[in-house]
There are 2 protein chains.
Amino acid sequence: MFRTALVEDPPPDPLSVITVDSGEKTMEPVRFTAIGKIRTPFTSREGTPIQPTGAEGVLGRVEVDEAFREGIRDLEGFSHVILLYHFHLSEGFDLAVKPFLDGTVRGLFATRAPRRPNAVGLSVVRLVSIEGSTLVVEGVDMLDGTPLLDIKPFVPEFDAPQVDVRTGWLEGKADKAREARADKRFFKD
Amino acid sequence: MFRTALVEDPPPDPLSVITVDSGEKTMEPVRFTAIGKIRTPFTSREGTPIQPTGAEGVLGRVEVDEAFREGIRDLEGFSHVILLYHFHLSEGFDLAVKPFLDGTVRGLFATRAPRRPNAVGLSVVRLVSIEGSTLVVEGVDMLDGTPLLDIKPFVPEFDAPQVDVRTGWLEGKADKAREARADKRFFKD
């Protein structure tokens with residue numbers, strides 16, 4: 001169980017905006033708190049798959065905090081879910097990075113590198129079963145203990161454009177994610 | 001330009017974890033700060049498309065803060081990008097909601113409702129062009145002024161399972177998102 005009780009900070013103000021002279025609203029930092037924890041076989045960053053395609057057959061458990069259990073109702077009809085989570089071991093970021101699947105330095109937002117200004121990870125995983133407030137999923141590519149931020153149902157009509165998809169520098173390389181494993185490149189120790 | 005200078009809080013500590021007696025790391029609230037702002041034609045919540053499929057042909061501008069401009073290099077080769085953003089006008093949440101596309105109360109995480117414990121929105125949009133530090137995109141379904149949290153390249157091999165996709169209560173309903181527009185249901189005014 002995720003121990004929210006140990007967190008001493010007051011709960012986040014969900015509407016953390018301030019009004020500035022132009023009349024525009026601008027945003028103060030928004031605070032997000034984990035709603036659970038993702039359990040995977042991967043306890044060290046090296047050797048962890050870099051995408052769900054590299055984690056075929058790898059089972060994990062999405063432990064939703066009991067307080068949010070009612071919210072996972074009706075998920076059982078979906079074959080896939082989108083997990084949003086915090087890359088909790090990522091520190092800082094560089095705007096130009098050398099990705100796993102390419103030898104060339106690329107703009108950070110054209111990569112899936114975990115070291116990002118807002119270190120939110122996104123993985124589409126297969127929903128195998130639901131046991132109480134835990135989702136058993138296949139295709140986990142995150143570290144054990146990763147804080148869960150959100151679960152959304154995967155809906156091809158919303159999330160998967162079917163025509164004219166081009167993938168830039170990743171063209172012809174994305175399939176290599178099946179074999180690629182994380183090394184030290186993305187982490188500052 | 002997004003006015004990060006107006007934010008008085010100190011920068012977030014990216015590794016905001018504390019160690020508890022079990023040796024487990026648990027997470028303090030993580031703070032995210034916008035890296036830009038999304039400009040769309042939608043200035044009120046009512047009438048806004050509920051998904052990119054309902055926003056076909058609707059152009060928007062993703063204004064990336066100048067400080068992060070280097071990070072969007074190499075995006076031009078991608079036809080689609082994933083936008084993560086803050087549902088900044090959403091307040092609170094209910095774990096059971098009546099979605100737009102269905103008359104039945106559903107578990108929150110089986111829906112895409114904006115009022116969520118961590119109010120992060122996700123939209124896959126078509127990248128039309130890049131002008132300086134601004135992405136021109138098609139298929140915007142968010143409110144004008146929405147704070148941008150992250151941009152990721154959309155990669156079908158990572159993000160779009162092609163086989164055996166089932167969509168539970170949304171089966172046969174997702175296409176209705178083309179016509180559906182937001183009403184007051186998801187907002188507490």
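## A tour of the chain A and chain B model

Start with chain B, where 6 strands close into a barrel in the order 4-5-10-9-6-11, with antiparallel pairing. Strands are DSSP runs (E, at least two residues) and helices likewise (H or I, at least four), numbered from the N terminus; two strands pair if DSSP finds at least two bridges between them. Neighbouring strands of this sheet are turned by 45 degrees against each other on average, direction ignored. The axes behind that angle are lines fitted to C-alpha atoms.

This is a predicted model, in which local features need pLDDT of at least 70 and side-chain atom pairs count only at pLDDT 80 or more, while totals for chains, interfaces and linings use all residues. Residues are numbered from 1 along each chain as its sequence is written, and chains are lettered from A and ligands numbered from 1 in the order in which they are written.

Stay in chain B and select residues 36-39 and 59-64. These are strand 4 and strand 5, antiparallel and paired over 4 bridges. B:K37 has B:E63 as its bridge partner.

Next, show both chains. 83 residues of chain A are in contact with 82 residues of chain B, contact meaning C-beta atoms, placed from the backbone, within 7 Å. Elements giving two or more residues to chain A's side include strand 6 (80-86), strand 9 (120-131), strand 11 (146-153) and helix 1 (156-159). Strand 11 of chain A supplies the largest share, 6 residues. By class, this side has 45 nonpolar, 17 polar and 21 charged residues (nonpolar: Ala, Val, Leu, Ile, Met, Phe, Trp, Tyr, Cys and Pro; charged: Asp, Glu, Lys and Arg; polar: the others, Gly among them).

Zoom to strand 3 in each chain. Strand 3 of chain A pairs with strand 3 (residues 30-32) of chain B in the antiparallel sense over 3 bridges. A:R31 has B:R31 as its bridge partner.

Finish at A:L149. Not counting residues up to four places away in sequence, A:L149 touches A:F32, A:I35 and A:Y85, among others, and also B:N118 and B:V120. A:L149 is among the residues with the most contacts inside the largest nonpolar core, which has 94 residues. Such a core is a set of buried Ala, Val, Leu, Ile, Met, Phe, Trp, Tyr and Cys residues joined through C-beta atoms within 7 Å, buried meaning 20 or more other C-beta atoms within 10 Å of a residue's own.

Notes. A residue is buried if 20 or more other C-beta atoms lie within 10 Å of its own, exposed if 12 or fewer, and partly exposed in between; C-beta atoms are placed from the backbone. Two residues are in contact if their C-beta atoms, placed from the backbone, lie within 7 Å. Axes are lines fitted to C-alpha atoms, for helices over the stretch in contact, and angles run from 0 to 180 degrees between N-to-C directions.
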